[in-house]
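Thanks, everyone. Please have the model open.

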Amino acid sequence: MESISVFDIIKIGIGPSSSHTMGPWNAAKMFLDLVKRNHTLQDVKEVFVEFFGSLAKTGVGHGTDIAGMLGLSGENFRTIDTNKIDEKIDKIKSEQKINLGGEVWLPFIYGHHLILNKEKSLDFHPNGMIFKVIFENGEEFSQDYYSVGGGFVATKEDNSMEDRCVRTLYPCHHGSDILKYIDKLKLDKISDLVFQNEESWRTQEETRQKAVEIWDNIKDCVYKSINKKGILPGGLNVTRRASEMNEKLLGTQIYKNKNEWFEMVKNQEKTFSSVTKWVSCFALAVNEENASFGRIITAPTNGASGVIPAVLMYSQVFTEFNSEEDIIRFLLVAGEIGTLFKKNATISAAMGGCQAEVGVSSAMAAAGLTEISGGTPAQVLMAAEIAMEHHLGLTCDPIGGLVQIPCIERNSMGAMKAITAASLALDGDPTKAKVSLDSVIKSMWETALDMNSKYKETSEGGLAVAVNVAEC
C-alpha cells in the first residue's frame with residue numbers, strides 16, 4: 001500500500017464539492033495531459049464529456065458541469081479568480097465554443113458536448129465520467145475517470161488515486177502502525193513521526209511552510225466570509241448567517257482588517273455560550289464560502305471543509321495552545337488521520353455517506369486538537385475514534401444537490417463533536433478503550449457498504465426527498 005502526504009488530504013481547494021467539483025476539474029486536466037502525450041490540442045476537432053451517477057444527479061448543484069468546462073479550458077482552481085467564474089461559463093454557453101486547454105477554440109454546445117447522464121452509473125464508482133476527443137483525421141480517443149473523494153481521481157486501470165503517492169520511511173497505513181513506530185523510534189508525539197515521513201515529499205522546513213500557508217488561507221476564508229451578506233447561490237434562498245453572528249458577537253467593535261478582527265475575537269469573553277457560538281460562526285463562514293464557489297481548504301473534502309478550520313480557530317483563539325508550532329502540528333496529525341480513512345475506508349460521500357466527510361473531518365480535528373493539547377499518541381487516536389464513533393451511519397443527501405442543507409450546519413456540529421471527543425480522550429485511559437481507531441474505520445467502511453445507495457449523495461432519499469414531499 002502506498003503512502004499519502006498529509007497535504008493531499010488537507011489542501012487548497014474551491015467550492016462547492018471536492019468530489020463533484022475538484023475531482024472532475026482534475027480529471028479534465030488529466031485527460032488533456034493524456035491527449036497531449038501523442039497529439040497536439042490543435043489536432044482536436046471536438047471534445048466531449050459525459051457525467052454519470054452521482055456526478056450527474058447532483059451535478060448542477062455541485063457545479064460539476066462548471067468544473068468540467070473550466071477544466072477543459074485549462075483553468076486552475078487553485079489560482080482562478082473565483083469572482084470571474086460565472087462570466088467565463090456564460091461566455092462558453094452563449095458563444096457555444098470552448099478554448100481547449102487555453103490553446104485552441106472548438107465548438108462546444110452544452111447538452112451535446114457536455115452531458116449529465118442521470119439514468120446510468122458506471123460500474124467502478126458512483127462518481128464516473130468519460131472524456132472523449134475526435135481528431136481532425138476522424139480518430140477518436142476516450143478515457144473514463146472516477147472522482148473518489150477529496151479531489152482524488154482514479155481510472156479502472158490505475159486505482160492508485162495519485163501519482164504523487166510514494167512509500168515513506170515509516171509507512172503508517174493503520175493506527176497500530178503509528179503506535180508501533182512511535183514506540184520503535186522512541187518519539188513523544190505523532191507529529192514527530194509525521195514530520196519524518198513527510199520528508200519523502202519535501203524538507204521539514206517546506207512542510208512547515210505548507211502548513212502555515214494552509215493556516216493563512218483558513219483565516220483569509222473565514223474573514224472574507226464573515227464580511228459577506230446575502231443569499232447563497234443555487235435557488236434554495238439560503239441566507240448567509242456567519243456575518244450576522246460575527247456582528248452580534250462583536251457588538252459595536254469596529255475592525256479594519258483581518259488581523260484586527262482576529263485580535264478582537266481573541267479578546268472576547270470565554271464563556272461556554274460565547275465559545276460555542278464562535279466555533280459555529282467559524283464553521284458556517286467556511287462552508288458558506290464553499291457554497292459560493294469560493295476558495296477554501298479541502299479537509300478532507302469540501303462538504304466537510306468547515307470542521308478543521310473551526311477547531312483550529314478555536315484552539316488559536318480560546319486555548320493556550322495557539323503558537324505557530326501548534327498550528328503546524330495540529331495540521332500534520334489531522335492530515336495523517338485522514339490518510340488512514342482514505343486508505344482503509346472512503347472519504348467520498350457518494351461511497352459512504354456523510355460519515356465519510358464530516359465524520360472523517362471531525363475525527364481528524366479531534367486528533368489534531370488532542371495532539372497540541374498535550375495528549376499522548378494513544379489519546380490522539382482515541383480522540384479520533386470517539387469522534388468517528390458518533391458519526392457512524394450519517395447519510396448524505398443534500399437538498400437540490402447543493403452543499404448547503406444540511407451540510408453547512410453539519411460542519412458546526414462536527415466541530416463541536418471534535419472538541420468534545422478531544423476533551424474526553426485527554427481525560428481518558430486508552431488502555432481501557434473497548435474500540436480502537438482501526439476498528440471504527442473498519443466499521444465505518446462496513447456501514448458504507450451496507451448503506452442504501454439513495455442516502456449517498458443522489459437527491460433520491462433522506463433529507464433531500466423528505467423536505468420536498470408535501471405532508472398529507
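When I say helix, I mean a DSSP run of H or I that is at least four residues long, numbered from the N terminus. By that rule, Val60 sits in helix H4, which covers residues 59-62. One reminder before going on: this is a predicted model.

Is Val60 buried or exposed? Its relative accessibility is 58%, and exposed means over 50%, so Val60 counts as exposed. Leaving out residues up to four places away in sequence, Val60 touches Asp65, Tyr110 and Leu116.

Next, Arg202. This residue lies in the loop between helix H8 (190-198) and helix H9 (204-226). Arg202 has a relative accessible area of 12%; buried means under 20%, so Arg202 is buried. Which side chains does the Arg202 side chain meet in polar contacts? One is that of Ser5, at 3.0 Å, and another is that of Glu198, at 2.5 Å. With residues up to four places away in sequence set aside, Arg202 touches Ser5, Phe7, Thr207 and Lys210.

Now the cores. The largest nonpolar core has 107 residues, and the members touching the most other members are Ile10, Trp261, Phe282, Phe330 and Phe341. Domain 1 (17-155) and domain 2 (175-200 + 202-466) each supply at least three residues to this core. A second, separate core has 38 residues, including Met22, Val47, Ala67 and Tyr145.

Back to Phe341 to finish: beyond four places in sequence, its contacts include Thr346, Ile347, Val360, Ala363, Met388, Leu437, Ile441 and Met444.

Definitions and conventions. Residues are numbered from 1 along each chain as its sequence is written. This is a predicted model: local features need pLDDT of at least 70, side-chain atom pairs count only at pLDDT 80 or more; totals for chains, interfaces and linings use all residues. Side-chain values use heavy atoms; hydrogens and water are left out. Helices (H or I, at least four residues) and strands (E, at least two) are DSSP runs, numbered from the N terminus. Buried means under 20% relative accessible area, exposed over 50%, partly exposed in between (1.4 Å probe, protein chains only). Contact means heavy atoms within 4.5 Å. A polar contact is a pair of N or O atoms within 3.5 Å; within protein, one must be able to donate a hydrogen and the other to accept it, and residues adjacent in sequence count only if both atoms are side-chain atoms. A nonpolar core is a set of buried Ala, Val, Leu, Ile, Met, Phe, Trp, Tyr and Cys residues joined through side-chain atoms within 4.5 Å. Domain bounds come from an automatic or database domain assignment.
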